[in-house]
Protein chains: 2
Amino acid sequence: MLKDIGENNANYQPGLSIDCVIFGFHDNQLKVLLIKTPYEDKWSLPGGFVPIDEDIDTAAVTVLNERTGMKGIFLRQFATFGQVKRNDKHFDNAVLDHFKIPREAGKWFTQRFVTIGYYALIDFLKAIPQKENKQEIIEWIDHKEVPALILDHAAILDKALSTLRIELNLMPVGYNLLPEKFTIPQLQKLYETILDKKLDRRNFLRKITNIGILTKLDEKKSNVAHKAPNLYTFDKEKYDEVLKNGLNQGW
Amino acid sequence: MLKDIGENNANYQPGLSIDCVIFGFHDNQLKVLLIKTPYEDKWSLPGGFVPIDEDIDTAAVTVLNERTGMKGIFLRQFATFGQVKRNDKHFDNAVLDHFKIPREAGKWFTQRFVTIGYYALIDFLKAIPQKENKQEIIEWIDHKEVPALILDHAAILDKALSTLRIELNLMPVGYNLLPEKFTIPQLQKLYETILDKKLDRRNFLRKITNIGILTKLDEKKSNVAHKAPNLYTFDKEKYDEVLKNGLNQGW
């Protein structure tokens, strides 16, 4: 993305960017994919511009695909960030200096930007984080140990997380985050990690079973001393149905 | 807004607009505020551009204020619309022709636009719909009888409505839509109108009471033959608390 800063400006929608909050679940941690660029001390969310002939959703898919090697996964627009003060001349100049772009040629980049936030939930083990250049670092970082981020990226990440927490009440979660076969305690741990609180075992079992998206397998988890827990899998058809119609019938 | 099409371009964020879906409740109808411009047969949502030195949320507040005369009311960003094909050369040219703006001077207006959708819930009786010019018509229209809309405004309206329905599970609704004193049947009717379905009277009473945002008044509705229903009011402090923390504790 940043290689295009000084040229090809007419190929992009002016003043508009995409930022992706990519969540993965591993080791009972909710991790987020972050990038350390060579021209800033702070880290950033993976992002990109919007090609003038591409839908914004397609531009978001491109960022996700380029940064993880993954396609066809759950990606959701959650908010657009457009405070005037989110723009930062110090940051802009650091980028231009790093790429040796004259101020005039970099005008397109230093204009005010509004950014559209998307979040994704992906299978940590299937993703292969991709650098854009050798000087970059790209890493999964526990969402509780996120370092200082550029611009308003900390607010974007916070909003993605709070949206995800709210959406746990509206849709099933887990399909892209857990192995194909899993135990109820594993699924509960995923919910507890996202919500950042302990859940009652029996309540969770009752609620999650009532949704009707789980298939109990005729196998138990191996390598467990005694009382091996049952293995489950998602009934993908029902899962997609609930994803579409919403979990909470509410009123 | 449209008077600025041919000039002052540098005063606005390029290729970005705001569209507001303004809902009001009256006569047991959920109404939406729509505009009929002189240069198109179709109707449109109230909208505007984003001043280069203003936050997007502020620009949305301005649209709402200019179109209804109201301030300080519930306004929520719900989605950003950025399909390439949402732009329509036929529409662009009709606007330029109407305002007698040469194609070259109107380039800023005919570029690709991405639009940020906001929805508002307002007190129908307090709003005073404002025209931008004499040739315009601005009207409250029942959401079930919306005429053909320009561009992707029908999709924007649909998305606002489906978001509002989902958010009924997450937050209390009614404060800006009902008179200060109201009956439970009035409140139920509001929910039924938004959800477009009948609700069970006793279930609704139980659920709405459990939220803890209602204060029962020591008055009954007058002008009712017998068994006059009790009047209620919102406990604004608790209402705001639930609005902030979310209605559904879920998991």
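**Legends to close-up views of a two-chain model**

**View 1. The interface between chain A and chain B.** The count of salt bridges between chain A and chain B is 0, in a model that is predicted. Polar contact does link the two chains, with 17 residue pairs counted between chain A and chain B, both residues of each pair being at pLDDT 80 or more. On the side of chain A that touches chain B, two or more residues come from each of the strands β1 (12-26), β4 (47-51), β5 (75-81) and β6 (114-122) and from each of the helices α5 (184-195) and α6 (201-211) of chain A. By class, the residues on this side of chain A are 22 nonpolar, 11 polar and 6 charged. In contact across the interface are 39 residues of chain A and 39 residues of chain B, and together the two chains bury about 2,900 Å², of which 55% lies on carbon and sulfur atoms.

**View 2. The relation between the two copies.** Chain A is superposed on chain B by a rotation of 180° with 0.0 Å of shift along its axis, and the RMSD of this superposition is 0.0 Å. The two copies are therefore related as by a two-fold rotation axis. Of the interface residues of chain A, 100% are also interface residues in chain B, so the copies meet through the same surface.

**View 3. The two domains of chain A and the area between them.** Chain A is divided into domain 1, residues 1-169, and domain 2, residues 182-245, and the centres of these domains, taken over C-alpha atoms, are separated by 32 Å. Where the domains of chain A meet, 10 residues of domain 1 are in contact with 8 residues of domain 2, and the two domains bury about 880 Å² between them, 75% of it on carbon and sulfur atoms. Phe25(A), Arg165(A) and Leu168(A) supply 54% of the area that domain 1 of chain A buries against domain 2 of chain A, which is more than any other three residues supply.

**View 4. Polar and charged pairs between the domains of chain A.** Across the interface of domain 1 and domain 2 of chain A there is 1 salt bridge. In a salt bridge of chain A, the side chains of Lys144(A) and Asp196(A) meet at 2.7 Å, N to O. Between the two domains of chain A, 2 residue pairs are in polar contact, with both residues at pLDDT 80 or more. Strand β2 (29-36) and helix α4 (153-167) of chain A each supply at least two residues of the side of domain 1 that touches domain 2, and by class this side of domain 1 of chain A has 5 nonpolar, 3 polar and 2 charged residues.

**View 5. A salt bridge between distant parts of chain A.** Over all chains, a search of the whole structure finds 20 salt bridges. The side chains of Asp152(A) and Arg86(A) meet in a salt bridge at 2.6 Å, N to O. This pair links distant parts of the chain, 66 residues apart, with Asp152(A) in the loop between β7 (137-142) and α4 of chain A and Arg86(A) in the loop between β5 and α2 (89-98) of chain A.

Key: Residues are numbered from 1 along each chain as its sequence is written. Chains are lettered from A and ligands numbered from 1 in the order in which they are written. This is a predicted model: local features need pLDDT of at least 70, side-chain atom pairs count only at pLDDT 80 or more; totals for chains, interfaces and linings use all residues. Side-chain values use heavy atoms; hydrogens and water are left out. Contact means heavy atoms within 4.5 Å. Buried area is the accessible area (1.4 Å probe) that two parts lose on being put together, summed over both. A salt bridge is a side-chain nitrogen of Lys or Arg within 4 Å of a carboxyl oxygen of Asp or Glu. A polar contact is a pair of N or O atoms within 3.5 Å; within protein, one must be able to donate a hydrogen and the other to accept it, and residues adjacent in sequence count only if both atoms are side-chain atoms. Helices (H or I, at least four residues) and strands (E, at least two) are DSSP runs, numbered from the N terminus. Ala, Val, Leu, Ile, Met, Phe, Trp, Tyr, Cys and Pro count as nonpolar, Asp, Glu, Lys and Arg as charged, and the others, Gly among them, as polar. Domain bounds come from an automatic or database domain assignment. Copies are superposed by least squares on the C-alpha atoms of residues with pLDDT of at least 70 in both.
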